[in-house]
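Student: I would like a close look at one part of this model. Please take me through it step by step.

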Number of protein chains: 2
Amino acid sequence: MSGHGSGDEVELLGIWFSPYVRRVVWALKMKGINYEWVELSFRDPKNRNRSLLKHNPVTKRVPVLVHRGRPVVESLVIIEYIDETWRNNPVLPSNPYERAMARFWANFVDQKITEVLIKLLSLTDKTQMEEEAKQASNALAILERELKAKGERFFGGETIGLVDIASSIITTWMEAIEEVLDVHILDPRIHPFLTRWRIDFVEFVEHNLPPKDRLLRFYRRYHQSKIAGVVSSRL
Amino acid sequence: MSGHGSGDEVELLGIWFSPYVRRVVWALKMKGINYEWVELSFRDPKNRNRSLLKHNPVTKRVPVLVHRGRPVVESLVIIEYIDETWRNNPVLPSNPYERAMARFWANFVDQKITEVLIKLLSLTDKTQMEEEAKQASNALAILERELKAKGERFFGGETIGLVDIASSIITTWMEAIEEVLDVHILDPRIHPFLTRWRIDFVEFVEHNLPPKDRLLRFYRRYHQSKIAGVVSSRL
């Protein structure tokens, strides 16, 4: 990590369990960019909010990438920023049509899969939970078709790209959510290509993921607090 | 408009009242691109769905830009595609940091203003309606600060850019929604810069907007169908 004031310092404000934050970690690693990790505390909202108010007063969410003192927020926006600032090992394709497709699918995964899965942990009604899980599973079937049609190891081809990074909730996070809530979302018979993709993806990012047991404990506690009606921080 | 098979034909599938579709119209006009307009019928869902199933089977929504036979969907994705394909009169800034900021604010407007305003028309409970209108008004106050800090005529500077195009619901659409629902969202005392921006924007796009009286009739009918509990198409 280059020292303070060297002119190219990169800081990443994050929280260990956030799938959005991890996306940025991988993009930085793919580019070989040194950065300083600033862990915000989920349990200390006051302290967390002070940092976020300074760097991201509008949405007060992580990840926040601070480059040369200037904050960039929202994981997909940050990834495009990283890709346009450091040109080696591109994350997005170079062709405008393929770039548009990558952006479309990344948004699709965010809206139809990632947001739905995170919302699941806040639900207390079992019927509603199963309906939402079904929605996520259906969205995965659409993504499955896209991966199959693509005919390559990753959405990005031989290496991971924007859509792969956006889809990463399908790894440890989804496994933990399925286990905590006792719902079934990814099915190897319905989603064989994504099931294979998951193994390849985890290997590609060298298991740089939140520890599953810690995530399980955290999600279980979070979900139980919802059942008990405790008002807690947004995931 | 270049003829079919000429290799560079552009088609835009849209619906007259959609603020998302109009965004693409302006981007095409800014670039001076000839295109064929394909109006889908809101009242004939069967026919509409046939066109959409062909070009946008995943989300089945307009706008769809078909360039050289290949569809691009989602208004902000389409605008970036247009900007990367036709390089004259840029819609996004060239600097990576400013590009990231433009993307952030465009998403902010979509999530906190445009989606909330469209949702308002489906609400039947007056209290909930006023709460949501208040949320939109608060988001406008945040956008107002950004425009004021910018110190220029438009978010894009002297000409309109991505954030201006994304914010266009603040024009005729918001006026119509305020009138139909009898709610107040944009306030010249709280949002003086946006109030001025609205006049400048409408002039810049040469009043290329849905006719206000037609929009009023359409929104009124749509809202009344919701009050009557009629299941109708998504706006």
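Student: How many salt bridges does the rule find across the interface of domain 1 of chain A and domain 2 of chain A?

Tutor: This is a predicted model. The rule finds two salt bridges across the interface of domain 1 of chain A and domain 2 of chain A. On the domain 1 side, helix 1 (19-31) and helix 3 (75-85) of chain A each supply at least two residues that touch domain 2 of chain A. Helix 1 of chain A gives the most to that side, with eight residues. By class, the side of domain 1 of chain A that touches domain 2 of chain A has 10 nonpolar, one polar and six charged residues.

Now the layout. The domain assignment of chain A puts domain 1 at 10-85 and domain 2 at 96-225. The contact draws 17 residues from domain 1 of chain A and 25 residues from domain 2 of chain A. Taken over C-alpha atoms, the centres of the two domains of chain A are 21 Å apart.

Next, area. Together, domain 1 and domain 2 of chain A bury about 2,000 Å² between them. Carbon and sulfur atoms carry 66% of that area. In domain 1 of chain A, the residues that lose the most area to domain 2 of chain A are Trp16(A), Trp26(A) and Leu76(A). These three together make up 35% of what that side buries.

The side chains of Arg103(A) and Glu80(A) form a salt bridge, with 2.7 Å from N to O.

How values were computed
Residues numbered from 1 in each chain as written. Chains lettered and ligands numbered in written order. Predicted model: local features only at pLDDT ≥ 70, side-chain atom pairs only at ≥ 80, totals over all residues. Heavy atoms only, no water. Domains from an automatic or database assignment. Contact = heavy atoms within 4.5 Å. Buried area = accessible area lost by both parts, 1.4 Å probe. Salt bridge = Lys/Arg side-chain N within 4 Å of Asp/Glu carboxyl O. Helix = DSSP H or I, 4+ residues; strand = E, 2+ residues; numbered from the N terminus. Nonpolar A, V, L, I, M, F, W, Y, C, P; charged D, E, K, R; others polar.
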